[in-house]
Amino acid sequence: MNTKLSIQNVDLFYGDFQALKDVNLNLKEKTITAFIGPSGCGKSTLLKSLNRMNDLIEGCKITGQISLDGEDIYSGMDVNLLRRRVGMVFQKPNPFPMSVYDNIAYGPRTHGIRSKAKLDEMVENSLRSAAIWDEMKDRLKKSALGLSGGQQQRLCIARALAVEPEVLLMDEPTSALDPISTSKIEDLVLELKQNYTIIIVTHNMQQATRISDDTAFFLLGEIVEFGKTEELFSMPKEKRTEDYITGRFG
Ligand SMILES: Nc1ncnc2c1ncn2[C@@H]1O[C@H](COP(=O)(O)OP(=O)(O)OP(=O)(O)O)[C@@H](O)[C@H]1O
Ligand SMILES: [Mg+2]
């Protein structure tokens, strides 16, 4: 399988504090990778560095190389184009205070699409891909803020898909949701794997084993172990991984 994202010798500093230490990872195309590890170990930091969200943080410095389809994302790549190719979904659903329709059409409009027919089509396709079309088709003009938490999160996934990304970054996308909404999102993520490369941060070990192909275990800014999810959870190579996944630490 092709490498979609290659992370090589990445160090990241917030001022004097080193949040990532010599991170090396190759993420394969159309697979789901889980990032696990205790709070503060750098999972969100690495995730955000994959679409340069860290650029917005003052005092943040990154060295090493991250490439998307072999192209260095930190040198010479247009950031807007990068963020279009590498979309993101956050822990807390964050719909814009506008209608369901306008939430989804927002990205395509920003990229210059004006035709109503085309926008209608993109809105429907995105909502279908995020498994929320049936629930939304009669309330497209209603405010997105009136949706349930689980619906809002699927709407945010639909919004991320509307600009036709290649990679989807998800930072604890179900941690604010009930078990039924969580299960819907997990089914959806598995479905999306056919077309997207997905990286998901989760504190839920069962979730990682249910949906991911590969898992990276982080500790204090380093990747302790990376491998096939099945193997990492059943036969961890490192004592520190074993201690964490068995709940002896963390
Ligand atoms: N903007 C920032 N400025 C300074 N330090 C930061 C900033 N963001 C994160 N950090 C620090 O970097 C380290 C890694 O943070 P990060 O958010 O990546 O952890 P995490 O693994 O996602 O944790 P959690 O599971 O709690 O979300 C932490 O020590 C955190 O305090
Ligand atoms: Mg985090």
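A polar contact is a pair of N or O atoms within 3.5 Å; within protein, one atom must be able to donate a hydrogen and the other to accept it, and residues adjacent in sequence count only if both atoms are side-chain atoms. The legends below use this term and a few others, each explained where it comes up.

This is a predicted model, in which local features need pLDDT of at least 70, side-chain atom pairs count only at pLDDT 80 or more, and totals for chains, interfaces and linings use all residues. Residues are numbered from 1 along each chain as its sequence is written, chains are lettered from A and ligands numbered from 1 in the order in which they are written, and side-chain values use heavy atoms, with hydrogens and water left out.

**View 1**
Start with Ser6, which lies in strand S1 (residues 3-14); helices (H or I, at least four residues) and strands (E, at least two) are DSSP runs, numbered from the N terminus. The side chains of Ser6 and Asn26 are joined by a polar contact of 3.4 Å. Another polar contact, of 2.8 Å, links the side chain of Ser6 to that of Gln8. Leaving aside neighbours within four places in sequence, Ser6 is in contact (heavy atoms within 4.5 Å) with Leu25, Asn26, Gln65, Ile66 and Ser67. Ser6 counts as buried because its relative accessibility is 10%, where buried means under 20% relative accessible area, exposed over 50% and partly exposed in between (1.4 Å probe, protein chains only).

Which residues come nearest to ligand 1? Of the 14 residues around the ligand, they are Ser39, Lys43, Ser44, Thr45 and His203; a residue is near a molecule or strand if one of its heavy atoms lies within 4 Å of it. A polar side-chain atom of Ser39 lies 2.5 Å from an oxygen atom of ligand 1, and for a polar side-chain atom of Ser44 the distance to an oxygen atom of the ligand is 2.8 Å. Gly42 takes part through its backbone, with an N or O atom 3.0 Å from an oxygen atom of ligand 1. On its own, ligand 1 has 640 Å² of accessible area, and the protein covers 64% of that; such areas come from the Shrake-Rupley method with a 1.4 Å probe, and for residues only the protein chains shown count as cover.

**View 1. What makes up the shell around ligand 1.**
Strand S2 (17-28) and helix H1 (43-49) each supply at least two residues of this shell. The largest share, three residues, comes from H1. Sorted by class, the shell has six nonpolar, six polar and two charged residues. Here Ala, Val, Leu, Ile, Met, Phe, Trp, Tyr, Cys and Pro count as nonpolar, Asp, Glu, Lys and Arg as charged, and the others, Gly among them, as polar.

**View 2. Ile36 and the nonpolar cores.**
A nonpolar core is a set of buried Ala, Val, Leu, Ile, Met, Phe, Trp, Tyr and Cys residues joined through side-chain atoms within 4.5 Å. The largest one has 44 residues, and Ile36, Leu127 and Ile157 have the most contacts inside it. Helix H6 (residues 149-161) gives the most to this core, with five residues. Apart from it lies another core, of 28 residues, including Ile7, Leu47, Met53 and Leu169. Beyond four places in sequence, the residues in contact with Ile36 include Lys43, Thr202, Met205, Phe217, Phe218 and Tyr244.

**View 3. Helix H3 and its cover.**
Look along helix H3 (residues 100-110) for its buried residues: Val100, Tyr101, Asn103, Ile104, Ala105, Gly107 and Pro108. Helix H4 (116-129), helix H5 (133-136) and H6 are among the elements that cover them. Just after H3, Gly112 takes a positive phi of about 90°.

**View 4. Two loop residues with positive phi.**
Most residues other than glycine have a negative phi. Lys30, in the loop between S2 and strand S3 (32-36), has a positive phi of about 55° although it is not a glycine. Asp69 sits in the loop between S4 and strand S5 (71-72) and has a positive phi of about 50°. Lys30 counts as partly exposed because its relative accessibility is 41%, and Asp69 counts as partly exposed at 41%.

Lys61 has its place in strand S4 (residues 60-68). Not counting residues up to four places away in sequence, Lys61 touches Asp11, Leu12 and Phe13.
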